[in-house]
Amino acid sequence: MEAVLGQVEQLPALLAVSRSPLVRDWDPVTLDRALEWARYFQHLHDRFLARPQLREALGRRLRRSQPYPPLGFPALGRCPQLLGLALLENRALPPAACRRLLRSLLQPPGTGIGPEPRGLELLARRKAAARLLALPQLQADAQLLAEAEVRAEAELLLRRLREERQEGGEAAGQRRWLGRALEQLPQPRALAVVAAALALLPPAADSDGDGSSPDGHPASAAGDGCTAGLLLSWLLDNQERFSAFCLCLPGSRLAFLAGHYSQLSTSYLDLLTCWGSHLHYDPLQGRWVKSGLDKAEVSWEELKERFSRLCQGSAPLEEQTRAALKLLRTRDGDFRVRGLSVWTDLLMEIGY
């Protein structure tokens, strides 16, 4: 134990160095070593969190070094983020080490495993994102950055929902918490986070699943099913919100989600049907055009692309989509000539 206490006593020195000009000599290997130490300190925090006497001993050893700002036992759990934030603020860090740091913060190892992420972790990721955008040579990574940040927020959302469930919170209370949390984000951001969260859940989370998770734990699968249900309820209970969700996501992503969640696939097909019904055939142009200027409607080209994506999905999703289109064609008079029914033309374009 004395060896561990001696190691913990080095944490203030590590953080002090990270804020000093000494980092100008750091290469990616040195940076990795520092991050490994930070993760080791975080591991000690998780290991001794439930042992009050050892926790107090570690806290006393940290306070004995009299760092500024003062550190206590909780600092061990936040060490990777404290180190990352300090290095992000230090312009002496060489470009190669800085790039390694940015990728470490945006794509941390063992994503989804470990202690509950704190606000400091999200802050570190966002500051890393801002720093990444500020580096001209890394502009090509903008898409990676955006996806990583949304994924990080989705992971935070899922873990908080799981914590709410484990604490025995009722479904109504969880729905209220989810609504309040998502309302704090701009709508496009909230919709992207919900999409990422649904994509992160295992397929068995759908109500049509077999009730077991990939790791063979039925309880875990049931919990993920409840989480998916909360997200889908928030999304589908408001038609305007769901329409905005579908408009802001590409057809490929929606087809992926529809293949995993039958509730979503049914609502998505209903929405596409609504959009398609607002198209009319212009004989002068020889194509389907919008019947109005409503921004919630899609063009013929986009409607065709979205239906095509659904037909390229799983076999059940393809069958569901094809059956829906054939039923719509029948309701329109079952025409087999172009220009009379948008559903006939869609089936012809898709190849049915």
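Modeller: Quick definition before we start: buried means under 20% relative accessible area, exposed over 50% and partly exposed in between (1.4 Å probe, protein chains only). This is a predicted model, where local features need pLDDT of at least 70, side-chain atom pairs count only at pLDDT 80 or more, and totals for chains, interfaces and linings use all residues. Residues are numbered from 1 along each chain as its sequence is written, and side-chain values use heavy atoms, with hydrogens and water left out.

Colleague: How many aromatic pairs does a search of the whole structure find?

Modeller: Rings of Phe, Tyr and Trp (its six-membered ring) pair if their centres lie within 6.5 Å; planes under 30 degrees apart are stacked, over 60 edge-to-face, the rest tilted. Searching the whole structure that way, the number of aromatic pairs is 6.

Colleague: Are the rings of F242 and F245 stacked or edge-to-face?

Modeller: Their centres are 6.3 Å apart. The planes sit at 20°, so the pair is stacked.

Colleague: Which helix do F242 and F245 both lie in?

Modeller: Helices are DSSP runs (H or I, at least four residues; strands are E, at least two), numbered from the N terminus. These two are 3 residues apart, about one turn, and both lie in residues 239-248, helix α13.

Colleague: Is F245 buried or exposed?

Modeller: Its relative accessibility is 0%. That value makes F245 buried.

Colleague: And Y281 with W288: stacked or edge-to-face?

Modeller: Those ring centres are 5.4 Å apart. With the planes at 70°, the pair is edge-to-face.
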